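Subject: The structure I promised you

Hi,

Have a look first, then read on for what turned up in it.

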Amino acid sequence: MIKILVVEDEQPIANLIRMSLKKTGYVCTCASDGAEAAALLEYDRYDLILLDVMLPEIDGFELMEYIRPLEIPVIFLTAKGAVEDRVKGLKLGAEDYIVKPFEVAELLARVDVVLRRYYRDSRQIEIGGLFIDTDSMQVKRGGEVIHLTRKEYDLLLFFVRNPGRALYRESIYERVWGGELQYGSKTVDLHVQRLRKKIGWENCLQAVNKVGYRLEV
């Protein structure tokens with residue numbers, strides 16, 4: 001499971017990010033200042049850090065010096081949009097830089113891009129009798145290629161990266177289609193039904209009452 005550390009001193013923003021990441025299937029921990037973040041990094045391992053620049057006591061740029069030897073990818077979050085600040089953050093080793101205010105959908109997309117780019121060892125996935133090559137976006141079972149549409153492939157990848165978790169229809173739609181699921185829409189359900197049949201996961205992609213779906217393999 002992907003674990004993300006959010007270092008943000010503005011509580012409403014931190015809460016919004018945490019809720020959005022959790023709905024999408026990530027495990028999220030928040031720290032309100034650089035010292036707290038450093039303490040958390042002493043005792044746990046994270047796959048990604050979302051790091052505000054303007055922090056009390058130890059700012060984001062200073063904390064980045066501590067993070068860099070840990071080889072954890074970082075996305076800077078800040079209200080400072082000057083070119084020199086963006087350049088400084090990237091030179092310190094950040095993978096990306098997002099200026100506040102930002103749309104949640106953009107943040108989630110950037111998180112996904114950084115995780116895919118950084119963790120090269122996850123580009124080939126074997127699960128439930130399937131072989132998935134994320135470079136070529138090719139899915140095979142028993143050596144035979146399974147032809148999926150782009151949405152079916154994105155849907156499969158989302159389930160594969162969140163096994164065992166009950167995923168809300170709204171979260172699935174937001175992540176795969178980008179946007180808000182309209183009331184009464186059957187888009188997610190229809191795509192899940194087609195995907196089950198194509199990949200032979202009729203018993204693996206389980207419906208969760210009043211929630212959505214869960215992958216059990």
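A strand here is a DSSP run marked E, at least two residues long, and strands are numbered from the N terminus. Two strands pair if DSSP finds at least two bridges between them. Keep in mind that this is a predicted model.

Let's start with a sheet. Strands of a sheet pair through backbone hydrogen bonds, either parallel or antiparallel. In this one, three strands make an open sheet, ordered E10-E12-E11, with antiparallel pairing. The edges are taken by strand E10 (167-168) and strand E11 (205-208), and each has a single partner strand, so one side of each has no neighbour in the sheet. Two bridges join E10 to strand E12 (residues 212-215), in the antiparallel sense.

H8 lies across E11 and E12 and runs at about 150° to E11.

Side chains of opposite charge can pair when their charged atoms come close. Lys 198 and Glu 152 form a salt bridge, with their closest N and O atoms 2.8 Å apart. Since Lys 198 belongs to helix H8 (residues 187-199) and Glu 152 to helix H6 (residues 150-160), the pair ties together parts that are 46 residues apart in sequence.

How many salt bridges does a search of the whole structure find? It finds twelve. Here are some others to look at:

- Arg 110 and Asp 96 form one, with the closest N and O atoms 2.9 Å apart. Arg 110 is in helix H5 (residues 104-118) and Asp 96 is in strand E5 (residues 96-99), so this pair ties together parts 14 residues apart in sequence. Asp 96 has a relative accessible area of 17% and is buried, because the cut-off for buried is under 20%. Arg 110, at 27%, counts as partly exposed.
- Glu 65 and Arg 68 meet through their side chains at 2.6 Å, N to O. Glu 65 is partly exposed at 42% relative accessibility, and Arg 68 is partly exposed at 41%.
- Salt bridges also link Glu 8, Glu 10, Asp 52 and Lys 100 in a network.

Thr 78 is buried, with 0% relative accessibility. Neighbours within four places in sequence aside, Thr 78 is in contact with Asp 52, Val 53, Met 54, Tyr 97, Ile 98, Val 99 and Lys 100.

The largest pocket has a volume of about 880 Å³. Its lining is made of 32 residues, and Asp 112, Arg 116, Leu 157, Arg 161 and Arg 175 are the ones nearest its centre. Two or more lining residues come from each of H5, H6 and helix H7 (169-176). Which element gives the largest share of the lining? That is H5, with seven residues.

Cheers

Note on methods:
Residues are numbered from 1 along each chain as its sequence is written. This is a predicted model: local features need pLDDT of at least 70, side-chain atom pairs count only at pLDDT 80 or more; totals for chains, interfaces and linings use all residues. Side-chain values use heavy atoms; hydrogens and water are left out. A salt bridge is a side-chain nitrogen of Lys or Arg within 4 Å of a carboxyl oxygen of Asp or Glu. Buried means under 20% relative accessible area, exposed over 50%, partly exposed in between (1.4 Å probe, protein chains only). Helices (H or I, at least four residues) and strands (E, at least two) are DSSP runs, numbered from the N terminus. Contact means heavy atoms within 4.5 Å. Axes are lines fitted to C-alpha atoms, for helices over the stretch in contact, and angles run from 0 to 180 degrees between N-to-C directions. On a 1 Å grid over the protein atoms alone, a cavity is a set of points where a 1.4 Å probe fits but cannot get out, and a pocket is an open set with protein on both sides within 12 Å along at least five of seven lines; lining residues have an atom within 4 Å of a point. Grid points are joined across faces, edges and corners, and a volume is the space filled by probe spheres set on the points.
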